[in-house]
Amino acid sequence: MISKEALDKYEMTIGIECHVQLKTKTKLFSGADNDARESEPNSKTSPIDFALPGMLPVLNKEAVRLAVRLGLALNAKINLKSRFDRKHYFYPDLPKGYQISQFYQPIIGAGFVDVDGVKVRVEHAHLEEDAGKLTHVGEISLVDLNRAGTPLLEIVSMPDMHSAASAKTYCTELQRLAIYSGASDANLYYGNMRFDVNISVAQKGDKKLGTRAEIKNLNSFRSVEKAVEYEFIRQVELLEKGERVKQETRGWNEAKGKTLAQRSKEEAQDYRYMPEPDVPPVVLDQKFIEKIKAEMPLLPNGHRAIWAELKLSKSVVNAILDNRVLAEKLTSILQKLASDKNGMELAKNITNWFCNVLLSEENATKDFRQLDVTALIELAKMVAKKQLSSTSAKEILLKLLDGKKRPKELAEKLNLLQVSNSGELETIVDKVLESPESAKAIADIKSGQIKAIGFLVGLAMKESKGKANPSVVSEIIKKKIRILGEKDG
Amino acid sequence: MMGKTWGKIAEMVAAVQKGEVSARANVEKALDLAERCKNYNIFVNLTRKRALQKAEEIDQKLQKGEKLGELAGVPYVLKDNFLDFGADTTASAKMLAGFVAPLQATAVKKLEAAGAICIGKSNLDAFAHGGSTENSFFGVTKNFKDTERVAGGSSGGSAVAVALGVAPFALGTDTGGSIRQPAAFNGVIGVKPTFGSVSRFGVVAMASSTDTIGCFATNAADARLVMKVLGGKDSLDSTTIDNDFTPRGKQKLHIGVIADFMTDDVDQEVLAVVRKYIQELEKNGNRVETVEMPLLKYALPVYYVVVPAEVASNLARYDGIRYGHRAKTARTLGEIYGLSRDEGFMPENKRRIMIGNFVLSSGFFDAYYLKAEKVRTLIVEEYQKAFAKFDVLVCPTTPSTAFKIGENTDNPVKMYLEDVMTVPPSLAGLPAISVPAGRTKSGLDVGAQLIGARGDDALLLDLAESVENKKLKDKNI
């Protein structure tokens, strides 16, 4: 085990390449269906994906549009002219023997991601096609080309991260940007996002970066975080022993929790890049970009700014942002409540419901699209006016998920409206206080053990079948006992 | 040699449309001629069954009174690097022997829609690599006049088919001269259009940035008719453009004779014949002047950097995994790749793959590929300068007449030098046609090459047609 002191001497530098699958209807260069989830192998392919002789790629304009959207979300310069190149290597998952990518002139230029105090510059992002998939069965390997040709935007960061946590923060924000920009479903389970992480280690204060290792094909935020943590220690150990870090490609073994060497620099392939003669350059006009800009929805940082007044913790903010539907509802609620003098309090209450009820393990996967914002506000107001207990409010909240719009009617129908009318409550309290059950509690209260009032409130709640407003009941009990006391005295 | 077996295509179509000659009769005649020409090794496969069936369909259409297309009932020969039904698509390579195309090339589809009927797939240098049709897995195609001489290539089979009158026209592909040179060697007209004029979809790729689809015919009017059907934008090929092949009606053209290709490096007899053709152009009232184009001599070395690079890339898909030849003895992935490609490719294919991968490899890319592309731009500019002054440029199609079979086999550089005059327009994407200019004393055919500015294909056909008409007139007087 390496000592903390040793680790403290070093700093790591991280750069990340993230592949995002764009959610176009068809593939980047063919008309085949781009959604191959749960499909029979090779059922979503065309002669183009299969690289038959004489087949030519035809660029999918929708992929260009989605790349521009994600580019704008990355605060990036959109290049008005970009080009495609061929990257050659032989592997059975690459039918043409080359991948069409953008090596020399990518579509997206420099940009940045700025989230929760982590600022990462984006070097560029380029369009390229995904490869197929191999399944190894004993001695043989099976080729499935369903994924071959799926459009990817590869986002290449600058080496601006220095901890596993910041790497994870960057990756999670990329996912949000991909989703909010509408470019991708960014579903990690389906491999919609994959990460290659470059890590080097150098002594703190050293101006020169160390030799980097690249950990390829990480498919979850957790594996990014774990791999970075592992790699930092591995590289520091090497340096402490006076050895050198080798420039190489490594893989992450989830089960072992280790990175393992795959290919050294010497074994690296020569991709023999060449301009793609079959696809003319992509030329965009400024008007096209302006139009997309105008259509862009509010991005995570836009929501964060609107929510700032709520003073929510970063983790709460991100949890809500990770459910885009709820995030947009929350922003819309805040906009609606902007002129309401109790607005902030109501919004906070609603935020609590989001975090504690809707995003609970039990409900988080539900569809929140039908949730009516006005109804939510009304529900919050009913609680504020003590017309509903918080328990009842939660019950109604779940009913609103079906698109119901009138929480008051629901409360009435379900008989959940709280009784705050003091006349009615006084009758109940009187009944409770007269009951022999209460005698001891009353005595306790009189002798100063004010806590005993809870017992009496409980009895009153029971008597009201839960509809009584407990705080009003408590006030009435206190008042009555004081009166009783005065009489006794 | 059978001489003229077909009239002009327009007349043939009229006869079919009037019911005077059936499509079936045309197809049967072409198939019969094909059989009689077997010793020239024109075909990789005949498409007899499908051709007769298509002819039947046209004849029935006529009976039902339906409108027939502009090439109704005209048999033609298709180079075997076009994907089509009815026979394998082999590109004359072992790699693709037995490959059954699941679809048709756009060019083939268009011809079929116009009523033209493919009677067979013609031989070529494997993957169109070569200028003699000697590099074919299916044997050498012979010159139409002298079976000891080469047909030229790579579209040798198609050129000889038209020269022998098996069919009135044939399709070829031209990347650096593969239509023009065999046209010159076999005394027919060969059209390489402006890059992008005809869709490349469904044609086995050689070099994507210079591959063009064109035709062979016995006269300019026939060639124009075919090019009109073939041309036009295709959503399946992003590099296609609309191009107008109709006559321009421009009378006196300003013609530039490329001085750099009229030198002692060219066979003296070839020069004499081409000079005579140029005199005819002048007699027809065109203004002829000499033009120096010193950069064109760099086209050949540029071509043999850029084209092998694209060739190496385009042939990467032939890996023995999904289709095509797979070595029977291969046990590992490396062996599947290595042995299948070793067995499936011809030596000329391998030579180009190696040159291509070399010029693309890291450390050499800038010195070779990038530099070549820069020179290519200069060549394009040199043409632009020339076309600012001239309507059409002219030079010989080839530096010599058809050479003996086997003569250049051991000297690839000499073979490449055959392309020295056809390659420059290819690099610049310009239209160029080879027209029969006459014969040498020993009776071998010589081609004159007419080159136009981008999109001026029609002008070249106009010029060729005017010379043909003049000759006919002179004959009749």
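This is a predicted model: local features need pLDDT of at least 70, side-chain atom pairs count only at pLDDT 80 or more; totals for chains, interfaces and linings use all residues.

## Domains of chain A

Chain A is divided into three stretches, with domain 1 covering residues 4-288, domain 2 covering 298-413 and domain 3 covering 422-488. When the centres are taken over C-alpha atoms, domain 2 of chain A and domain 3 of chain A are separated by 34 Å.

## The sheet of chain A

In chain A, eight strands come together in an open sheet, and their order across the sheet is E5-E6-E9-E1-E10-E11-E12-E13, with mixed pairing. The edges are formed by strand E5 (111-115) and strand E13 (258-264) of chain A, each of which pairs on one side only. On average, and with direction ignored, neighbouring strands of this sheet are turned by 30° against each other. As background, strands of a sheet pair through backbone hydrogen bonds, and the pairing may be either parallel or antiparallel.

One pair within this sheet can be followed residue by residue: strand E10 (residues 193-203) of chain A pairs with strand E11 (residues 213-218) of chain A in the antiparallel sense, over four bridges. Within this pair, A:Val197 has A:Ile215 in E11(A) as its bridge partner. Helix H3 (residues 164-180) of chain A packs on the sheet, where it touches strand E1 (10-21), E5, strand E6 (118-129), strand E9 (151-157) and E10 of chain A, and the direction of H3 makes about 20° with that of E1(A).

## The sheet of chain B

Chain B has an open sheet of eleven strands, which also shows mixed pairing and has the order E1-E3-E2-E4-E6-E5-E10-E11-E9-E7-E8. Strand E1 (43-46) and strand E8 (287-291) of chain B stand at its edges and have a single partner strand each, so one side of each is left without a neighbour in the sheet. Here the neighbouring strands are turned by 30° against each other on average, with direction ignored. Strand E10 (residues 432-439) of chain B and strand E11 (residues 445-452) of chain B run antiparallel and are joined by seven bridges, and B:Ser434 stands opposite B:Gln449 in E11(B).

Two helices of chain B lie across strands of this sheet. Helix H2 (residues 23-36) of chain B lies across E1, strand E2 (75-79) and strand E3 (117-122) of chain B, and runs at about 15° to E3(B). Helix H3 (residues 48-63) of chain B also lies across E1, E2 and E3 of chain B, but runs at about 165° to E3(B).

## Helix pairs in chain B

How do helices H7 and H15 of chain B lie relative to each other? The axes of helix H7 (residues 220-230) of chain B and helix H15 (residues 457-476) of chain B come within 9 Å and cross at roughly 155°; because angles over 145 degrees count as roughly antiparallel, H7(B) and H15(B) are roughly antiparallel to each other. In this contact, B:Ala220, B:Ala221, B:Ala223, B:Arg224 and B:Met227 of H7(B) meet B:Asp457, B:Leu461, B:Ala464, B:Glu465 and B:Glu468 of H15(B). Sorted by type, the residues of this contact are six nonpolar, no polar and four charged.

In a second pair, the axes of H9(B) and helix H12 (residues 366-389) of chain B come within 9 Å and cross at roughly 130°, and these helices are therefore oblique to each other. Their crossing is left-handed. H9(B) contributes B:Ala299, B:Val302, B:Val305, B:Val306 and B:Ala309 to the contact, while H12(B) contributes B:Tyr368, B:Tyr369, B:Ala372, B:Glu373, B:Val375, B:Arg376 and B:Ile379. The residues of this contact divide into ten nonpolar, no polar and two charged.

## Where the chains touch

The contact takes 33 residues from chain B and 24 residues from chain A. On the side of chain B that touches chain A, helix H9 (299-314) and helix H11 (347-360) of chain B each supply at least two residues, and H9(B) gives the most, with three residues. The residues of this side of chain B comprise 16 nonpolar, eleven polar and six charged.

## Backbone details

B:Gly153 and B:Ser154 are joined by a cis peptide bond, with omega about 10°, and B:Ser154 is found in the loop between E3 and helix H5 (156-163) of chain B. In chain A, A:Ala186 has a positive phi of about 50° although it is not a glycine, and A:Ala186 lies in the loop between H3 and E10 of chain A.

Key. Residues are numbered from 1 along each chain as its sequence is written. Chains are lettered from A and ligands numbered from 1 in the order in which they are written. Domain bounds come from an automatic or database domain assignment. Two strands pair if DSSP finds at least two bridges between them. Axes are lines fitted to C-alpha atoms, for helices over the stretch in contact, and angles run from 0 to 180 degrees between N-to-C directions. Two residues are in contact if their C-beta atoms, placed from the backbone, lie within 7 Å. Angles under 35 degrees count as roughly parallel, over 145 as roughly antiparallel, 65 to 115 as roughly perpendicular and the rest as oblique. Ala, Val, Leu, Ile, Met, Phe, Trp, Tyr, Cys and Pro count as nonpolar, Asp, Glu, Lys and Arg as charged, and the others, Gly among them, as polar. A crossing is left-handed if the near helix is turned anticlockwise from the far one by less than a right angle, and right-handed if clockwise.
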